[in-house]
Amino acid sequence: GAHRQSNAMKGRAIQNWLNHTLAQAGKPDGAISSTAAKQMQGLSQFGIDNAALEKLGLDSESAERVYRAMFVYSQGLHAVLQEA
C-alpha cells in the first residue's frame, strides 16, 4: 500500500544520499576523473551496493536496513564532530 511505497521512496533517497556522499569520499575537489571511477561510484566503490549485498545473502529489505543504519550513524557522527 501507500506505507510500503513511502518506505521504498525513503530507501531510494537514503541510497542516493549514500552514493553521493561516498562518491565524494577521498576526492578533495569532489571531481571524478577517470571513466573507471565514474562507473564505480559510491556504494559500489566500497562493495556495498545492492548487488554486493545480495551476493552476501541479504535481501532487499536487509540491504535497506544497512543503508538506513549507515545514514543514521553518519548523521550522528557528523553532529558529534560539529559539537566538538
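The model is predicted, and local features need pLDDT of at least 70, side-chain atom pairs count only at pLDDT 80 or more, and totals for chains, interfaces and linings use all residues.

**Overall build**

The protein has five helices and zero strands, and from the N terminus on its elements run α-α-α-α-α; helices (H or I, at least four residues) and strands (E, at least two) are DSSP runs, numbered from the N terminus. Of the 84 residues in the protein, 18% are buried, where buried means under 20% relative accessible area, exposed over 50%, and partly exposed in between, with a 1.4 Å probe and protein chains only. The accessible surface comes to about 6,300 Å², of which 56% belongs to carbon and sulfur atoms, as computed by the Shrake-Rupley method with a 1.4 Å probe. Among the contacts (heavy atoms within 4.5 Å) with a separation of 6 or more, 49% are between residues 24 or more positions apart.

**The largest pocket**

The largest pocket has a volume of about 360 Å³. On a 1 Å grid over the protein atoms alone, a pocket is an open set of points where a 1.4 Å probe fits, with protein on both sides within 12 Å along at least five of seven lines, and lining residues have an atom within 4 Å of a point. The lining includes Arg 4, Asn 7, Arg 12, Glu 61 and Tyr 67, and the elements that give two or more residues to this lining are helix 1 (2–24) and helix 5 (60–83). Helix 1 provides the largest share, six residues.

The structure holds one aromatic pair, formed by Trp 17 and Phe 71 in an edge-to-face arrangement, 4.9 Å centre to centre with 90° between the planes; rings pair if their centres lie within 6.5 Å, and planes over 60 degrees apart count as edge-to-face. Because Trp 17 lies in helix 1 and Phe 71 in helix 5, the pair ties together parts that are 54 residues apart in sequence. Thr 21 is also found in helix 1, and its C-alpha atom is separated by 9.2 Å from that of Leu 43, 22 residues along the chain from Thr 21.

| Residue | Relative accessibility | Class |
|---|---|---|
| Trp 17 | 27% | partly exposed |
| Phe 71 | 27% | partly exposed |
| Thr 21 | 33% | partly exposed |

How values were computed: Residues numbered from 1 in each chain as written. Heavy atoms only, no water. Points joined across faces, edges and corners; volume = space filled by probe spheres on them. Phe/Tyr/Trp six-rings, centres within 6.5 Å; stacked < 30°, edge-to-face > 60°.
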